[in-house]
Amino acid sequence: MTETYIHGIGMTRFGTLPEFTMKQLLLDACSEAIIDAGRPKIDAVFVGNFLGGSISNQEILGAIVANDLGLGYIPSAKVEGACASGGIALRQGILGILSGEYDTVLVAGVEKMKHATTANVTQGINAAMDTNSNEKHAGLTFPGFFGVLANRYFYETGATKEHLARVALKNRENGVNNPLAQFQKPTSLEEIMNARMITDPLGLFDCSPMTDGAAAVVLSRKKSPIHIRSTAQVSGPTQMQDAQNLLSIPAIGESGRIAYEKAGVGPEDIDVVEIHDCFSMTEIIAIEELGFFSRLEGWKAVEEGRTKVTGDKPVNTSGGLLSRGHPIGATGIAQIYQLVRQLRGNAANQVNNPRLALAQNLGGTGSYSTVHILERV
Amino acid sequence: MKTYQCCNNVSITKKYFCPECGGNEFVEKEVSDHGTVYSFTKIHIAPAEFAHIAPYNVVLVDLDEADCKVTTRISEDVSIGDNVTLDRVEDGAYIYQKL
């Protein structure tokens, strides 16, 4: 129990947004969250961001927020944890409140990616690998890691590319109803299966896109209807060749286990879930690691439609990274945005009267994972 | 291929402390380069530094004489279970080939 509450949320549209600078996206999301929270006094700012320095030549995002929003002479920082930057920033905000140092904290995430070439963004993202390793020198990429994982998963379970496609299709169906999602155009299993290959067996629809966007939340020790019941973060192996079991991402499982323990709940108690589907394969591993389904059987749950909005464990009602989009540093906060709306009862793809919600945010090839459990009180 | 073992943990990369037991006494052992394909992918969309060789196969090889794996690159297409061995080391990468 963190006794930390969410008071406000804000999020820009996700997608290709050439008319906005990274700073504008960040400030738009932050100001929306502050207004939603009723303009409280902010004691500190944490910003999740990964590529600002490398492809936009822009750092000091914390100070920019404090200054341009007139928050005064308060502490601020950028938090980097690859694709988990947003989730880790959120956790730093919660810890700041738990420590007693702050009453109210603004946490945001932002990324601006669409102005750069795919090769340069891929190169920038590869900074989240152990760059001084034989693995990096072999030419492994992030999609590559999940491609290797998927081929082994198929070999051991009997799952096929169609199961990956069903994840992508489900998340697209959810994205169609989310006005902030990057991809709102319906698709078909056939189109997904026949899309061009990125890294065998992952095709275009199996991979999260490059995205511009930002999201923000205001946290406080003062009560609100949304309680952050627990926060957890762990680190995991930074190289594929060091995985004890390639079909397990222990950072996800362990962060989930700690979050459940701290919250005093189990996977069966969770009503709605946002997880880090950077690739369709990752969603299947994550629903297993988080205990929603048995190990090596997540693909069956997908086949049975159990993770759809209408299923018993709705996953990624926002469209997930695959369809909502994946502005790297913003993703962990965008997950919270969707879950708060679910708990408030006004979400895209609203599920029936949820009380407990779980967000899981992943960085690197399992290098970082955060889990947050939210509760409507 | 050189491996580093501490307790039950074997790796081709040397750590400062063992991720399993925290110990720092590693036994270095030279083992055969031979292995079997554990899994693989063919990378079509590559980062800028590898774009000129795409598509290429990145292959996770299970070493025959050690309980550990090594990430390699192989020019030929492979399947899980294929026997492979080291061809050369190039720019810090292990380039393997089918046997």
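This is a predicted model: local features need pLDDT of at least 70, side-chain atom pairs count only at pLDDT 80 or more; totals for chains, interfaces and linings use all residues.
Biologist: Which residue meets R257(A) in a salt bridge?

Modeller: The partner is E261(A), and the N to O distance between the two side chains is 3.1 Å. Both residues belong to helix α10 of chain A, which covers residues 250-263, and they are 4 residues apart, about one turn of the helix.

Biologist: Is E261(A) buried or exposed?

Modeller: E261(A) counts as exposed because its relative accessibility is 60%, above the 50% cut-off, while R257(A), at 42%, counts as partly exposed.

Biologist: And what does K2(B) pair with?

Modeller: The side chain of K2(B) meets that of E28(B) in a salt bridge, at 3.3 Å from N to O. This pair links distant parts of the chain, since K2(B) sits in strand β1 (residues 2-6) of chain B and E28(B) in strand β3 (residues 27-30) of chain B, 26 residues apart. K2(B) is partly exposed at 37% relative accessibility, and E28(B) is also partly exposed, with a relative accessible area of 42%.

Biologist: Which residues are joined into one network by salt bridges that share partners?

Modeller: I would begin with R88(B) and E90(B), whose side chains meet in a salt bridge of 2.8 Å, N to O. Salt bridges with shared partners then join R73(B), D87(B), R88(B) and E90(B) into one network. Within that group, R88(B) is partly exposed at 36% relative accessibility, and E90(B) is partly exposed with a relative accessible area of 29%.

Biologist: New topic, the backbone: what joins D200(A) and P201(A)?

Modeller: A cis peptide bond joins them, with omega at about 5°, and P201(A) lies in the loop between β5 (197-199) and β6 (202-203) of chain A. In chain B, a cis peptide bond joins A54(B) and P55(B), with omega about -5°, and P55(B) is placed in the loop between β4 (35-43) and β5 (56-63) of that chain.

Biologist: Where does N316(A) lie, and is N316(A) buried or exposed?

Modeller: N316(A) lies in the loop between α12 (298-303) and α13 (320-323) of chain A, and N316(A) counts as buried because its relative accessible area is 0%. Its phi is near 60°, a positive value in a residue other than glycine.

Biologist: What about the phi of D91(B)?

Modeller: D91(B) is not a glycine either, yet it has a positive phi of about 50°. D91(B) is found in the loop between β7 (83-90) and β8 (93-98) of chain B, and it is exposed, with a relative accessible area of 70%.

Biologist: Last one: how many residues are in the largest nonpolar core?

Modeller: The largest nonpolar core has 75 residues, and those with the most contacts inside it include F146(A), L149(A) and F292(A). Helix α7 (residues 142-157) of chain A gives the largest share of this core, 8 residues. Apart from this core lies another of 35 residues, with V107(A) and Y337(A) among them.

Biologist: What is L149(A) in contact with, leaving aside its neighbours within four places in sequence?

Modeller: With those neighbours left aside, L149(A) is in contact with L246(A), L247(A), I249(A), M281(A) and I285(A).

Key. Residues are numbered from 1 along each chain as its sequence is written. Chains are lettered from A and ligands numbered from 1 in the order in which they are written. Side-chain values use heavy atoms; hydrogens and water are left out. A salt bridge is a side-chain nitrogen of Lys or Arg within 4 Å of a carboxyl oxygen of Asp or Glu. Helices (H or I, at least four residues) and strands (E, at least two) are DSSP runs, numbered from the N terminus. Buried means under 20% relative accessible area, exposed over 50%, partly exposed in between (1.4 Å probe, protein chains only). A nonpolar core is a set of buried Ala, Val, Leu, Ile, Met, Phe, Trp, Tyr and Cys residues joined through side-chain atoms within 4.5 Å. Contact means heavy atoms within 4.5 Å.
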